[in-house]
Structures are given as structure tokens and as C-alpha cells.
Amino acid sequence: MTTTTHHPADRRLKRSCLGSLAVSAWLLMTSALASASELPKGHFLLPETGNMVGENYTVTASNEDTLLDIARAHNVGYEEIRMANPDVSIWVPGEGTEVTIPGQFILPDAPRTGIVINVAELRLYYYPEVASGEPAVVETYPIGIGRDAYNTPLGITKTTMRLENPAWYPPASIRREAAERGDPPPAVVPPGPDNPLGQFAILLDIPGYLIHGTNQPDGIGMRASRGCIRMHGDDIESIFWRVPVGTQVNIIDAPIKLGWGEQGNAYIQAFASTDEQAFGMDTLLNVIGLIEEHNGQGSANYEQVSRVLEEANGQIVPLS
């Protein structure tokens, strides 16, 4: 996917200055809010012990709400809200319906630096650099990733460029498929509401791949792209000016996550594997071994762990 951006130099300078002001304002806000333990949704102080942040909670649907409206307002994606509320209608939850918000997260088992993207979880984690004496925080956002045959590539890369109001040049595969449908796309889609890259895009050091906004927000939290990482417009705007060029981006596929609370108690969370293969006996035994190794005593509940892996519904389950 090839992109570019068009705007005068003076506008770039103006936006750069505004971006710097936004960064400064964000840092001041973070410092003040962190001290009061009232960070914005999806922002958490890093725990001193353990690897878990946030908590689940419930909200009450109004007559106008869809489950997707509620998800977006509470920093979760399509699959997350659906799996947390399997008996609630996506489009008509109904006035007065209690909706569970899966707002608790097990931090990925990866170095806490830069951006970590867990494709199995459909979620991005950002560990911004902090000034000396300031508390370390993590921000997490729901994302859309590549669908079947267009898997988002794994591995460690970095950000290379930030584009505001990018133009989109449909790649050959899209032009070919559209032509076969009798609906050939334009050679370029200019910035605006019809642009699938949204208003902001961060290029990666993997040719053709970006972290970008979208004009199809309902696809956030789904495997729906051609490999790029999609974010809600407000979410990518919130990090756009704060992610320096050259920031490490670690893209992992971790469908099983083990959590440890501040008291050392163990939790497990499993998502459907991106290759759609069921977790086998070897996986089960490896997970059991890791739990027992961490706890250092007794044995893990074999049947409970097996059930969590079989259901793979993204719920964080305490291990007894």
C-alpha cells in the first residue's frame, strides 16, 4: 500500500507546532492524572508487581445504544465486547440491559518498550517514554488487523514516518478485484471521509504496512484489513504526535496469556488462534508447567486450564 500527503510547508510547520503543544499538554495531564490515579480510559500506571492492569465493570445500555457504540465509548473492540456479552444483541441490546466492559488486561509477555501489538488479542499496547521521576504508564487500544490470506506480519520493526491527511493509492490486488467486480477504483483516493487510511497514518519499516485510522470504525476489533493495523480515529490521533519516528514496534501472536496479580495469584486468558488451529495437548502441558513454575507449589487445575483453552473466549479467568 503506497501513501503520500499533500499540504504546504507552512501548514506542516503550524501542525508541527500544534503537535508539540499537544504533546506538552498530554504530558502535563498525564502527570497530574497519574498522581490522582485518574488516567483516561485505556491508560494505566504500570504495576509494581504482577502484570495486570484495569478492571472489568458493567454499564447500562440506553434505548439508542448498539453494542458497538458502547464498545467504542469504553475502549474495546468488536470481538472483545461480543465475547464478554455473548447473550446480548450486537445491534439492539435493549434499554436497561447490563453490558460487561472487559476493561482488565494482562500485559503482553514482551519488553515494555515502544509499541507492542498482539494480533491474537486484536489490541495495541504503547509504553511511552517518561521523564525522570514520572510514573511509567501503558496505554492500550483496540485494533483491526489483517483478515485471512492477508495476515498482519509478525516481528520487530519500527516507525519510519508520520503522515497527516494521507492520500491512498489502492494496491494492485484491490484494483484487480474491483475491476473483476466491474467497479474499478480511482488511481488515488485523496484525504477526506472516503479515505480508508483516515486522517493519520504511521508508516512501519515493513514495505506497505501502516498503523492508521479508518473510515470504517465498525471493523475495529476484527480481522478485516489487508494486513495494516487500523485504529479508531480518536485513538491514533491521541498517539500520533507522541510516537517518535524510530519507535520500536513488536508485533506478536500470543493467543494464550498468563497473568499474575499483586498478591501472586494466577490468571489465564485465551483467544482463538489466528491460524484457527485448536490448542493441542503440548500447549496445555506447557501452560500447566508455566503456571506451576511461577507459583512454585502444588499443581495447576488441569481441567480448568483445559476448559479455558477450549473456549478461547478472551475472558480472564482466575486459576484456583
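In what order do the 9 strands of the open sheet lie? I looked this up in the model, which is predicted. The order I noted is β2-β9-β8-β7-β17-β11-β13-β14-β16, and the pairing is mixed. I then checked the edges. β2 (43–45) and β16 (229–230) each have a single partner strand, so one side of each has no neighbour in the sheet.

Strand β7 (residues 114–118) and strand β8 (residues 123–127) run antiparallel and are joined by 5 bridges. Opposite Arg123 in β8 I found Asn118.

Helix α5 (residues 233–240) lies across β8, β9 (137–142), β11 (155–164), β13 (200–204) and β14 (210–212). Its angle to β13 is about 65°.

Then the cores. The largest nonpolar core holds 21 residues, and Ile115, Ile117, Leu124, Ile211 and Met231 have the most contacts inside it. Two or more residues come from each of β7, β8, β13, α5 and β17 (248–252). I followed Ile115: beyond its neighbours within four places in sequence, its contacts include Leu124, Tyr126, Ile211, Val243 and Val249. Another core, of 15 residues, lies apart from the largest one; Ala266, Val287, Ile291 and Leu319 are among its members.

Last entry: strand β5 (residues 98–101). Strand β4 (residues 57–60) runs antiparallel to β5, with 4 bridges between them. Tyr57 has Ile101 as its bridge partner in β5.

Methods
Residues are numbered from 1 along each chain as its sequence is written. This is a predicted model: local features need pLDDT of at least 70, side-chain atom pairs count only at pLDDT 80 or more; totals for chains, interfaces and linings use all residues. Side-chain values use heavy atoms; hydrogens and water are left out. Two strands pair if DSSP finds at least two bridges between them. Contact means heavy atoms within 4.5 Å. Axes are lines fitted to C-alpha atoms, for helices over the stretch in contact, and angles run from 0 to 180 degrees between N-to-C directions. A nonpolar core is a set of buried Ala, Val, Leu, Ile, Met, Phe, Trp, Tyr and Cys residues joined through side-chain atoms within 4.5 Å. Buried means under 20% relative accessible area, exposed over 50%, partly exposed in between (1.4 Å probe, protein chains only).
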